[in-house]
Protein chains: 2
Amino acid sequence: MAIFYQPNIRQGEHFLDSEESRHCARVLRKRPGDTIQIVDGLGTLFTAVIRDANPKKCTFDITDEHPQPRLDYSIHLLIAPTKNSDRMEWMVEKLTEIGIDAIQFVQCTHSERTVLKLERLQRKAISAMKQSERAFLPKLLPMVPLTSWKPMTTDNAQKYIAHLGEEPPADLFTASQAQGEYYVLVGPEGDFSQQEIDWAMDQGFQPVRLGHFRLRTETAGLSACHTLHLVNV
Amino acid sequence: MAIFYQPNIRQGEHFLDSEESRHCARVLRKRPGDTIQIVDGLGTLFTAVIRDANPKKCTFDITDEHPQPRLDYSIHLLIAPTKNSDRMEWMVEKLTEIGIDAIQFVQCTHSERTVLKLERLQRKAISAMKQSERAFLPKLLPMVPLTSWKPMTTDNAQKYIAHLGEEPPADLFTASQAQGEYYVLVGPEGDFSQQEIDWAMDQGFQPVRLGHFRLRTETAGLSACHTLHLVNV
């Protein structure tokens with residue numbers, strides 16, 4: 001069944017935005033009385049019936065709601081965007097599919113990309129959420145310089161930096177404990193600067209490795225998130 | 001350092017193929033006496049010195065060899081290619097990075113793709129292997145109809161099918177045991193046919209799920225492989 005996105009259902013916005021309305025009424029030719037599904041990106045999948053199939057503002061009445069289970073842990077990825085923006089797009093798509101709470105883009109000294117089209121990534125995330133019938137949309141947070149990032153962490157926070165250093169560190173899988181509020185920091189293609197590593201250590205980030213082999217930035221982001229899900233299986 | 005690929009080093013082929021020779025001599029402007037690295041895709045990274053920087057057939061002398069550790073388990077993915085070939089390309093790239101032994105493409109009743117450009121996928125795999133400084137190249141096996149696939153499995157084989165069925169099955173992570181010879185079957189976008197599911201059950205494939213949410217075909221393939229690595233951490 002067709003799935004649409006309306007983040008403000010709880011605030012009473014029982015209509016689709018112009019793009020979704022056009023898709024619903026023009027492309028899929030939905031009519032009044034037809035049933036559709038809507039996700040709010042906050043954890044609930046709604047069933048609704050179309051009231052007015054207006055291609056500019058399609059209105060609906062909610063008939064049922066299905067909250068999806070919340071996890072008892074949260075995953076926050078801090079990542080330096082890759083030079084190639086396609087690689088970030090697919091990472092956002094895959095992370096939305098497997099589930100992540102937030103992706104904070106960070107600018108590092110050796111970052112090759114200093115500008116990020118967050119809107120395009122947002123659209124990828126919404127599309128992936130609908131495709132995988134998920135009701136949670138990850139928060140995509142605009143790029144900040146790494147060392148000015150202020151963690152809003154609780155006592156339950158577990159902070160990891162994917163960095164090899166001199167001694168091979170523990171694998172994220174063995175280093176982390178279940179039910180955490182995880183923050184994983186993945187650096188740019190040119191690696192972290194020494195100053196950034198020192199900053200991370202000061203902030204309590206623990207060095208970890210992600211498997212035995214060098215991974216690309218975007219693969220490291222996905223691998224870290226997947227690993228933390230399995231720590232909680 | 002530049003890494004090149006020559007699968008037949010052990011058979012005495014101490015030269016690069018025409019494409020690699022051109023890249024070495026013309027693009028990177030390597031000269032006799034320069035040091036390069038070469039992988040054979042079979043587990044060894046070689047250090048070599050260029051003898052003749054011929055852009056059609058660059059020859060070299062091996063000065064050192066570094067075998068990469070072999071894992072005590074093997075992962076074989078059986079997967080129905082996606083309609084969109086880009087999705088298979090990135091999956092092959094990512095699986096090569098995180099490590100997999102073989103990818104067997106299978107044609108299912110509900111497959112939307114019946115032709116596969118294996119050569120292009122092969123090039124993606126070689127490029128990913130070099131990029132991640134891996135010495136192992138996964139075997140990419142040409143498409144066969146699923147039900148005519150003959151497993152060359154040993155007593156140590158663990159066979160799983162990513163299929164939900166009526167009862168939610170165990171997660172692959174909890175169902176599998178370490179040090180196995182794993183065969184994981186991932187179906188097409190249109191799912192398996194009942195006949196294919198019956199065939200898989202007859203062959204001893206055990207139904208598993210990959211996390212809590214519906215994943216795209218290519219995400220399922222990557223997720224399954226990553227999960228099996230973590231079972232062996």
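Predicted model: local features only at pLDDT ≥ 70, side-chain atom pairs only at ≥ 80, totals over all residues.
Trainee: How much area do chain A and chain B bury between them?

Mentor: The size of an interface is often given as the accessible area lost when the parts come together. Here the contact takes 26 residues from chain A and 26 residues from chain B, and 58% of the buried area lies on carbon and sulfur atoms. The area that the two chains bury between them is about 2700 Å².

Trainee: Which three residues supply more than any other three of the area that chain A buries against chain B?

Mentor: The three in question account for 24% of the area that chain A buries against chain B. They are Phe213(A), Arg214(A) and Arg216(A).

Trainee: How many salt bridges are there between chain A and chain B?

Mentor: One pair to look at is Arg216(B) with Glu97(A), whose closest N and O atoms are 3.8 Å apart, and this qualifies because the cut-off for a salt bridge is 4 Å. Polar contacts are counted by a separate rule, which finds 17 residue pairs across the interface, both residues of each pair being at pLDDT 80 or more. For salt bridges, the count between chain A and chain B is ten.

Trainee: Which element gives the largest share of the side of chain A that touches chain B?

Mentor: The elements of chain A that give two or more residues to that side are helix H2 (85-98), helix H4 (172-175) and helix H6 (217-231). By class, the side of chain A that touches chain B has eight nonpolar, eight polar and ten charged residues. The largest share, seven residues, comes from H6(A).

Trainee: Which strands are tied together by the salt bridge of Asp61(A) with Arg51(A)?

Mentor: The closest N and O atoms of this pair are 2.8 Å apart, and Asp61(A) is partly exposed, with a relative accessible area of 33%. The two residues are ten apart in sequence, and because Asp61(A) lies in residues 59-67 and Arg51(A) in residues 44-52, the strands of chain A that the pair ties together are S4 and S3.

Trainee: How far apart in sequence are the parts tied together by Glu112(A) and Lys83(A)?

Mentor: These side chains meet in a salt bridge at 3.7 Å, N to O, with Glu112(A) partly exposed at 49% and Lys83(A) exposed at 51% relative accessibility. Glu112(A) lies in the loop between strand S6 (102-107) and H3, and Lys83(A) in the loop between strand S5 (74-79) and H2, so the pair ties together parts of chain A that are 29 residues apart.

Trainee: Why is strand S2 of chain A largely enclosed by the rest of the structure?

Mentor: S2(A) pairs with strand S1 (residues 3-5) of chain A in the parallel sense over three bridges, and Tyr5(A) stands opposite Val39(A) in S2(A). The strand is called largely enclosed because, of its five residues (35-39), the number buried is four.

Terms used. Residues numbered from 1 in each chain as written. Chains lettered and ligands numbered in written order. Heavy atoms only, no water. Contact = heavy atoms within 4.5 Å. Buried area = accessible area lost by both parts, 1.4 Å probe. Polar contact = N/O pair within 3.5 Å; in protein donor to acceptor, adjacent residues only side chain to side chain. Nonpolar A, V, L, I, M, F, W, Y, C, P; charged D, E, K, R; others polar. Buried < 20%, exposed > 50% of the residue type's maximum accessible area, 1.4 Å probe, protein only. Pairing = 2+ DSSP bridges.
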